[in-house]
Amino acid sequence: MRVVMRKLGLGLLLVLTAGHSFAQTATVSQADRLLKLEQQVADAKGSADNAWMLMCAALVLLMTGPGLALFYGGLVRKKNVLSTMMQSFAMMAIVTALWAMVGYSLAFAPGNGFIGGLQHAFLRGVGAQPDPDYAATIPQQTFMIYQLMFAIITPALISGAFAERMKFSAMALFMALWSLMVYAPMAHMVWGKGGILNASLGGRFPTLDFAGGTVVHITSGVSALVCAQYLGRRLGYPKEMMPPHSVVLSFIGACLLWVGWFGFNAGSALSSGSLATSAFVATHFAAAAAAIGWAASEWIRNGKPTVLGSISGAVAGLVAITPASGFVGPMPALLIGLVAGGFCYFMVASVKALFGYDDSLDAFGVHGAGGTIGALLTGVFASKIINPIFHDAQGNALSLGIMDGNFHQLLNQLVGVVIAWVLAIVGTLLILKFVDTVIGLRVPAEHEVQGLDFTQHGEEGYYLEASAL
Amino acid sequence: MTKLEAVIQPAKLDAVKDALLEIGVEGMTVLEVRGHGRQKGHTEFYRGREYSVDLLPKVKIEIVLSDELVDKAVHAILEQARTGKIGDGKIFLSRVDEAIRIRNDERGVAAL
């Protein structure tokens, strides 16, 4: 109501001032006034979009800290809670600094098909002026800070695979290199100007990835699997019991992830219009359906629906809907979520045990598997009615996914998925090899037994000595 | 003097405590412990993986009693802590040579 009143008031003011100036200076032409009005309308839209995008940037940061930090922190043993949370938090610091220097430029400055140039190094030329290729209504600086939040959470997701056994120094170096050598090129290929997978700027293999199914989840999830394999299992795994030390913390973290994901997906509309609404709705529906999918699978198999399973399912659904969120309606979203919930449960509960790798917190089982199935299903369910991203020379909307009648798109999705997998595997292996040679990856066995909180950081998560009571 | 140690189900603590105060027990020490007897443990599932938990949470009450209170105390615990199912716990009795009150060096039953 107040908004309506204010709009009315603004309109009245506009009419009054327009009439006033007309009476005073008859020389001001109709055209000038129209031009001014158009500018004001554009400014108003720009302000609305900017407000929304800044909010979304904050929401995406909330996903890493505290969201992911709590989610992962609760899943490890008590002696490793701080070191696990620190792995997420360190990304908020390290990736930010790198992003300012070269990361943003490598991802989003014009370059070749695989990586951006250095035009925006040290954020040169990234200011109040929008970059119309990416988002025409918001300052490029807003776009830059929004994209930074994605660059932060992606490596943080990997940390679930090597939790409880990697040196902090090795982790920091690995993540810094990974951010520049795997994340930046992948982001450039899918979202950057001239990227070979870019769907909206005419890439060679236009891959539909609205909010980062390939860029964020496949790269991080597959890299996680490589890390888990390369580092080897935790001491005592799988014989020793390593149950989560606090499902309560994980629960809070997962719910924060769910909320933050609205910024992640709906914000990827890069404006505050109806596309953002559509992505918001799809995101929510997929999360709900996946929570049901995972919990129901467990219920059937083990006789009980667990809390950890339900929240893990929700996260899997959020992962799977990420590439599809801006291209599908609510019903396909429900379906994608349901499939992802069941599939990721199967990956985590059966496939992991079958192969015996120690992906400690299931970064691959949730993000790698969920991201892959989501990226492929996007090629099935993407609809031009939701988002007319492809058009012919005359500007007519072309069909997107299989349900739309475009069978070719699944192939493009597959190309995107394969490139993401290959880049993640090769890049991660090379970086691990390098870091292993320079500083070594794993903590000594006795430190692992003692816990990383004390041996890496000199602290304890829960200080329960009598003297502290 | 006799020391009574009772391991009971945590849920029964309040009832047992009240019953002990009722018969004139002056003080007690209560510990949160973990353990199992014949009951063994149970299984939990985390992300599809089965974990067997064989040490279950229990409460242990320690009281040192003057000898005439022992039977009453045992009775009170049996009455309050028994469900008839496996896992109800156990009571242990042992002799105590001396009790000393730190505040004023009182000795024996007077220190209880």
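**Entry 1: the core.** I looked up the largest nonpolar core first. Of its 150 residues, Ala286(A) and Ala290(A) touch the most other members. I noted the term: a nonpolar core is a set of buried Ala, Val, Leu, Ile, Met, Phe, Trp, Tyr and Cys residues joined through C-beta atoms within 7 Å. A residue is buried if 20 or more other C-beta atoms lie within 10 Å of its own, exposed if 12 or fewer, and partly exposed in between; the C-beta atoms are placed from the backbone.

The model is predicted, so I kept the limits in view: local features need pLDDT of at least 70, side-chain atom pairs count only at pLDDT 80 or more, and totals for chains, interfaces and linings use all residues. Residues are numbered from 1 along each chain as its sequence is written, while chains are lettered from A and ligands numbered from 1 in the order in which they are written.

Which residues does Ala290(A) touch, not counting those up to four places away in sequence? I found Gly313(A), Ala314(A), Ala316(A), Gly317(A), Ala320(A), Gly337(A), Leu338(A), Ala340(A) and Gly341(A).

**Entry 2: two packed helices.** Next I took H8(A) and H10(A). They pack at an angle of about 35°, with their axes 6 Å apart. Axes are lines fitted to C-alpha atoms, for helices over the stretch in contact, and angles run from 0 to 180 degrees between N-to-C directions. The contact of H8(A) with H10(A) has 19 nonpolar, five polar and one charged residues. For the classes, Ala, Val, Leu, Ile, Met, Phe, Trp, Tyr, Cys and Pro count as nonpolar, Asp, Glu, Lys and Arg as charged, and the others, Gly among them, as polar.

**Entry 3: where the chains meet.** I found 14 residues of chain A in contact with six residues of chain B (C-beta atoms, placed from the backbone, within 7 Å). Helix H8 (274–302), helix H9 (307–321) and helix H10 (330–355) of chain A each supply at least two residues of the side that touches chain B. That side of chain A divides into seven nonpolar, four polar and three charged residues.

**Entry 4: chain B.** I read off two helices and six strands (DSSP runs, H or I of at least four residues and E of at least two, numbered from the N terminus). From the N terminus on, the elements run β-α-β-β-β-β-α-β. Is chain B compact or spread out? Its radius of gyration is 17 Å, well over the 13 Å that the globule rule gives for 112 residues, so chain B is more spread out than a compact globule. The radius is taken over C-alpha atoms, and the rule is 2.2 Å times the number of residues to the power 0.38. Buried residues make up 19% of the 112 residues in chain B.

**Entry 5: backbone details.** I checked the cis peptide bonds. One joins Gly65(A) and Pro66(A), with omega about 10°; Pro66(A) is found in helix H2 (residues 30–75) of chain A. The bond from Tyr237(A) to Pro238(A) is also cis, with omega near 0°.

Then I looked at phi. Leu270(A) has a positive phi of about 60° although it is not a glycine. Leu270(A) sits in the loop between H7 and H8 of chain A. Leu270(A) counts as buried because it has 22 C-beta neighbours inside 10 Å. Asp362(A) has a positive phi of about 65°, and Asp362(A) counts as buried with 26 such neighbours.

Terms used:
Contact = placed C-beta atoms within 7 Å.
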